[in-house]
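Please look at the sequence and the structure first.

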Amino acid sequence: MISEMIHTASLVHDDVIDGSNKRRGMTTINEVWGERKAILAGDFILSAASMALARIGNNTVVSVLSQVIEDLVRGEFMQLGSKENESERFKHYLEKTFKKTASLIANSCKAVSILVNSDPEVQEIAFQYGRNVGIAFQLVDDVLDFTACASQLGKPSATDLKLGLATGPVLFACQQFPELHAMIMRRFSTTGDVDRAWQYVLESDGVDQTNYLAQSYCREAIRQISLLRPSPERDALIRLTEMVLTRDK
């Protein structure tokens with residue numbers, strides 16, 4: 001419940017930052033009530049999550065889930081910048097993806113394992129499973145921005161490009177179409193940049209490469225969770241990785 005509240009608060013704030021009017025097909029809080037009330041609503045959800053977290057009474061769990069909140073903010077700052085060097089740019093993208101998306105899943109898995117198992121090895125397995133599933137989830141999300149129609153996503157497609165963000169498909173496409181480099185550095189701000197970048201991505205293997213990368217992260221998640229003894233719960237977590245890869249919205 002606490003993890004969901006942290007996640008929801010981050011989405012409410014994200015919609016303010018991005019100026020979004022839709023979230024999963026529904027009108028956003030900032031669109032209905034305005035930015036000020038949306039920011040306060042996100043803060044309130046976060047404060048309620050913090051109070052619930054304190055009631056658990058486990059200092060290690062408090063520390064682990066507090067890391068999520070720090071990572072969310074750091075990830076948002078990272079998203080505001082871009083790297084000149086291509087290899088650094090991809091590393092920056094994956095690190096930002098961990099902080100903004102995967103940290104929540106990884107540290108939530110770790111927090112649960114801390115409460116039920118004192119073995120540090122099990123806690124690390126839980127963290128690594130969540131980390132890999134989380135990064136794969138975001139990579140698929142970045143692919144869907146190019147391949148799914150707006151009715152499926154619940155938000156307009158090419159949203160990331162319009163926000164000036166270079167995600168996996170764009171970064172891979174840049175290896176085939178160096179013209180994208182200048183667009184990435186100016187955050188697709190010149191007239192026609194978004195349309196041209198969209199076309200370059202579709203003409204490249206950027207989408208396929210990003211999907212392959214997501215599959216590799218899911219394979220690692222399966223490898224990690226398979227270190228635990230067989231159980232219906234372990235099987236369910238393995239099936240979850242398949243759902244992450246095959247979702248279309």
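The text below treats confidence, salt bridges and a nonpolar surface patch in turn.

The model is predicted; local features are given where pLDDT is at least 70, side-chain atom pairs count only at pLDDT 80 or more, and totals for chains, interfaces and linings use all residues. Residues are numbered from 1 along each chain as its sequence is written, and side-chain values use heavy atoms, with hydrogens and water left out.

**Confidence**

The protein has a mean pLDDT (the predictor's confidence in each residue, from 0 to 100) of 93, and 97% of its residues reach 70 or more. Helices and strands are DSSP runs numbered from the N terminus (helices H or I, at least four residues; strands E, at least two). Confidence is highest in helix H12 (residues 206-225), at a mean of 98, and lowest in helix H7 (residues 150-153), at 62. Where pLDDT is low, predicted coordinates should not be read in detail.

**Salt bridges**

A salt bridge is a side-chain nitrogen of Lys or Arg within 4 Å of a carboxyl oxygen of Asp or Glu. By this rule the count is nine, and the table gives some of them.

| Glu70 | Arg74 | 2.8 Å |

Residues are called buried under 20% relative accessible area, exposed over 50%, and partly exposed in between (1.4 Å probe, protein chains only). Glu70 and Arg74 are four residues apart in helix H4 (residues 59-79), so about one helical turn separates them. Glu70 is partly exposed at 37% relative accessibility, and Arg74 is likewise partly exposed, at 47%.

Asp193 is buried, with a relative accessible area of 0%. Arg196 is partly exposed at 36%. Elsewhere, salt bridges that share partners join Asp14, Glu76 and Lys100 into one network.

**A nonpolar surface patch**

Patches are made of residues with over 30% relative accessible area and no salt bridge, like charges being joined within 9 Å and nonpolar side chains (Val, Leu, Ile, Met, Phe, Trp, Tyr) within 5 Å. Ile56, Val112, Leu115 and Val116 make a nonpolar patch of about 380 Å², the area coming from the Shrake-Rupley method with a 1.4 Å probe. Helix H5 (residues 86-116) supplies the largest share, three residues. Ile56 belongs to helix H3 (residues 35-56) and is partly exposed, at 39% relative accessible area.
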